[in-house]
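Biologist: I'm new to this one. Can you put it up and walk me through it?
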Amino acid sequence: MALSGAAGSLRLLLGWGLLLWGATVRASKVEVSMLETVEVELGQTARIPCNFSIPEESNYAYINWFYINKRNRTKIYYMVRGQVFEAEPEYKGRVAMEDDFTLTISRVTLRDARTFVCQVGAGSLGVGENRTKLHIYKTPEPPEIQVNDAGIPVTSKEIPKIAECVSKNGFPAPNITWYKNGNPLWQDNTQVNILSTLTKESSGLYTVSSILFAHVSREDRQSHFHCEVSYRLLGADQTATSEKVNLTVFYSTENVTLVIHSPQPQVREGDEVTLRCEGDGNPPPEYSLLKVQEGAQPEEKDLPASNGVLTLRKVKKEDSGLYLCRTFDLDSMKNLEDTVKLSVNYLEGLKITPEGPIQLQQGDVLALTCDARGSRPLEFRWKKEKKGKLLGPGKQLKLSNVTLESSGNYSCEVAVTGVPGLSRSKQVYVAVHAKPQISSKDSLVPVQPNELVTLMCKAAALPEPKITWSINGKVQNHTDHHRVISNLTVQVTPDLLQSGVTCTATNVLGNSSHHITLKLRTTTMPPPIGNTTAEPIKKEQKTQESKGVIIVAVIVCILVIAVLGAVLYFLHKKGKIPCHRTGKQDITRPDARKDEIVVEVKSDKLPEEAGLLQGANGEKRPAGDQAEKYIDLRN
């Protein structure tokens, strides 16, 4: 047991000794650690860190910075016991060392893309060093693409040039990739060929260009091409993309279509219609536009079209028919053609029978007939006046037992079924002859003596009537078609009150009269000054009598209050009413007991209510007997 314990202690001491010896060995070595690569943009400042470790009790003696050019080392900067020195003229004024021994290089150039060495010396402990590779980069300019704008035929046997892409001033040299409709293109030397060139400019930057060659088809008329430049930056891949371009592709015509362009689906007379030949070839071929004369032996008539386009302004029904578009394909050596039928809707021959103006007698019967021709079935309807009341549908309108009111314009409106906006209208004037009819409302007119009164007489007739008055005065007439309004202004005289006034309307078919009676007003109000109208003024006698009763009642109340005030004043002067007593008043006899007669007088008593006073035994006393009583004012 003692031997085994001694052996264990010996092994422990040997372990500690080895650890101490290993620590001493490590501490005696100078270790330098640096980044493998440092990237910086052209013209900016590069920072290359240098980290080193030496024994705690030791210190570094010097730090040297070198760059390696091929296999040679060139010292550019060093520090000896705290003093710094610049050794290379190329970096003079551009290099410095920070407090943590990081080397900085300002305004870096492409020549600075080198390997830099940091060397640390610690006297007897030896020398340690490490290195960093400095990468300089310059982001290239965005790629510019130029498409072949001369056009590319699909029948080309050689691979045609599609476009060229250029990216300038990049470092290191970038790469270019081509895309079609978002998919990358790779060279196969049969359908796709890509030619790239790299140029180093005098500045040391690179310009890369790439030309794309590829066969095209009809579908490529809608394809889009673009290029993408890729480069390495800060350990990651970066890209820049050009704009997308479209090709001009030439291909033969396989299909031809003749199209009608019009304001609406149903062509109407007067519309502007364009016939256009359209094909699926590029460039479009030469077209011929013809009209086919249908019949037993169809004939073709050349039209003055401009490369397959014909415009018909204010198209007519005669322009209806079959039209033909034709072209010749040089690649297939075939005729290509298409036809379309143009149908022009029309409405013509609108007439009304019998034609107007139509003269009728009162009580007659009239049948109006409307007729027209159109490209489709027609719809008819009648109206009184052009924008008046709808009378009914159909070709015929029947008027029975016509009167003077039946006179006027009757309009027939015709529309083509299924063709919006294609309609016509025509009207005829109907005149119903009748003797005058007077429609005056003035039969009894209240007046005042000597006032000026205006009387009115209205009459309607055809032919137009003439209105006369039975007396002379100022006459004003107004005519509206077959209606006449006549106003007579006269002064009221006793003879006029007795005779009245008569107006007479006359035409060749007869006459009508209307008598107006003048009656004096019963009111005592003075007559108004100037002209008065013939409308009667009615008075409400009941309302006036009510107002008179109210006025009389108010006057009586005022008189009663005045008499009562005089009595109170007289009694006060006689000393019967003390001045210092206020409140209610008891009216009684001086020698009577208080329980015999007690009357309360209030200010709101009406004169009628104060007429009688009651005694102690309930007997009624007249108002005249009250003057002998005494008035006692009590609380």
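Modeller: A term to begin with: buried means under 20% relative accessible area, exposed means over 50%, and partly exposed lies in between. Also, keep in mind that this is a predicted model.

Biologist: Okay. Where does Asn169 fall, with its relative accessible area?
Modeller: Asn169 is partly exposed, because its relative accessible area is 23%. Asn169 sits in strand 14, residues 161–170.

Biologist: What about the phi of Asn169?
Modeller: Asn169 has a positive phi, about 55°, although it is not a glycine. Most residues other than glycine have a negative phi.

Biologist: And Asn401, what is its phi?
Modeller: Asn401 has a positive phi of about 50°, and it is not a glycine. Asn401 belongs to the loop between strand 35 and strand 36 (408–416). With a relative accessible area of 55%, Asn401 is exposed.

Biologist: Let's zoom out. How many helices and strands does the protein have?
Modeller: There are 3 helices and 49 strands.

Biologist: And how much of the protein counts as buried?
Modeller: 35% of the 635 residues.

Biologist: Which contacts join residues at least 24 apart?
Modeller: Take the contacts between residues at least 6 apart in sequence. Of those, 61% join residues at least 24 apart.

Biologist: How do strand 2 and strand 11 run, parallel or antiparallel?
Modeller: Parallel, with 5 bridges joining strand 2 to strand 11, residues 127–137. In one of the pairs, Glu39 has His135 of strand 11 as its bridge partner.

Biologist: What about the open sheet of 3 strands, what is its order?
Modeller: That order is 30-32-35, with antiparallel pairing. Strand 30 (347–353) and strand 35 are at the edges.

Biologist: How many bridges join strand 30 to strand 32?
Modeller: 5 bridges, and the two strands run antiparallel. Lys351 stands opposite Asp371 in strand 32.

Biologist: And strand 32 with strand 35, how many bridges there?
Modeller: 4 bridges, with strand 32 (residues 366–374) and strand 35 paired in the antiparallel sense. Ala367 has Lys398 of strand 35 as its bridge partner.

Biologist: Which residues are on the covered face of strand 35, and which on the uncovered one?
Modeller: Leu397 and Leu399 make up the covered face. Gln396 and Lys398 make up the uncovered one. Strand 35 covers residues 396–399.

Biologist: New topic. How many cavities of 30 Å³ or more does the structure hold?
Modeller: It holds 2 of them. The second largest cavity has about 40 Å³ of space.

Biologist: What lines the second largest cavity?
Modeller: Its lining is Tyr137, Lys138, Thr139, Phe171, Pro172, Tyr231, Arg232 and Leu233. Strand 19 (residues 224–233) gives the largest share, 3 residues. By kind, the lining has 5 nonpolar, 1 polar and 2 charged residues.

Biologist: Peptide bonds next. Where are cis ones found?
Modeller: One joins Asn282 and Pro283, with omega about -5°. Pro283 is in the loop between strand 24 (273–279) and strand 25 (288–293). Another cis bond runs from Leu462 to Pro463, with omega near 0°. Pro463 lies in the loop between strand 39 (452–462) and strand 40 (466–469). Most peptide bonds are trans.

Biologist: Last one, Thr327. Is it buried or exposed?
Modeller: Thr327 is buried, as its relative accessible area is 3%. Thr327 is part of strand 28, residues 321–329.

Biologist: What does Thr327 touch?
Modeller: Leaving out residues up to four places away in sequence, Thr327 touches Val256, Pro285, Glu286, Tyr287, Lys334, Asn335 and Leu336.

Biologist: And how are Thr327 and Asn255 separated?
Modeller: They are 72 residues apart along the chain, with 9.9 Å between their C-alpha atoms.

Conventions: Residues numbered from 1 in each chain as written. Predicted model: local features only at pLDDT ≥ 70, side-chain atom pairs only at ≥ 80, totals over all residues. Heavy atoms only, no water. Pairing = 2+ DSSP bridges. Buried < 20%, exposed > 50% of the residue type's maximum accessible area, 1.4 Å probe, protein only. 1 Å grid on protein atoms, 1.4 Å probe; cavity = no way out; pocket = protein on both sides within 12 Å on 5 of 7 lines; lining within 4 Å. Points joined across faces, edges and corners; volume = space filled by probe spheres on them. Nonpolar A, V, L, I, M, F, W, Y, C, P; charged D, E, K, R; others polar. Contact = heavy atoms within 4.5 Å.
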